[in-house]
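Visitor: Hi! I'm new to this one. Could you walk me through it?
Guide: Happy to. Let's bring it up first.

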Amino acid sequence: MSNHEHTGSIKAYIIGFILSIVLTIIPLVLVLEHLLAKSALVVSILLAAVLQFVIQLFFFMHIRDGEGPRYNVMALILGLVFVVTIVAGAMWIMSFNSQVQ
């Protein structure tokens, strides 16, 4: 599949849309049907979220487009570092807060 074919075609948009729907439905079914233990459920939801994020980047935001420097990729990586740091810090603080009674 060529670069032009991947990033601008209706086929690529439909594939990305279907994958996004599937990665939304899978965690929903796992939660509603109580199919996994709590820790396995959290891991599976996080995995589906990361996969959906990657699909959104490649199929809809065209992260691979362009011939020049990849400043947008570097900015994305920096943004991800910030988000992971904030989310991990918030979860860490909340875990200590829930232990105090």
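Predicted model: local features only at pLDDT ≥ 70, side-chain atom pairs only at ≥ 80, totals over all residues.

Guide: On its surface, a nonpolar patch of about 980 Å² is formed by I10, I14, F17, I18, I21, V22, I25, I26, V29, L35 and L36.

Visitor: Where does L36 lie?
Guide: L36 lies in the loop between α2, residues 10–32, and α3, residues 38–60.

Visitor: And how exposed is L36?
Guide: L36 has a relative accessible area of 37%, so it counts as partly exposed.

Visitor: New topic. Which residues does UniProt annotate as "transmembrane region"?
Guide: The unreviewed UniProt entry puts that annotation on residues 12–32, 38–61 and 73–94.

Visitor: What does the chain look like over 12–32?
Guide: Residues 12–32 are 100% helix and 0% strand, with 30 Å between the end C-alpha atoms.

Visitor: And over 73–94?
Guide: That stretch, 73–94, is 100% helix with 0% strand, and its end C-alpha atoms are 31 Å apart.

Visitor: OK, now the inside. Which residues make up the largest nonpolar core?
Guide: The largest nonpolar core has five residues: A12, L23, A48, I55 and F59. Two or more residues come from each of α2 and α3.

Visitor: Which element gives the most to this core?
Guide: α3 does, with three residues.

Visitor: Back to A48, what does A48 touch?
Guide: Leaving aside residues up to four places away in sequence, A48 touches L23 and P27. L23 is also one of the core residues.

Definitions and conventions: Residues numbered from 1 in each chain as written. Heavy atoms only, no water. Patch = residues over 30% accessible without salt bridge, like charges linked within 9 Å, V, L, I, M, F, W, Y side chains within 5 Å. Areas by Shrake-Rupley, 256 points an atom, 1.4 Å probe, with all protein chains shown as cover. Salt bridge = Lys/Arg side-chain N within 4 Å of Asp/Glu carboxyl O. Helix = DSSP H or I, 4+ residues; strand = E, 2+ residues; numbered from the N terminus. Buried < 20%, exposed > 50% of the residue type's maximum accessible area, 1.4 Å probe, protein only. UniProt positions renumbered as here; feature names shortened; annotations may be inferred. Core = buried A, V, L, I, M, F, W, Y, C linked by side-chain atoms within 4.5 Å. Contact = heavy atoms within 4.5 Å.
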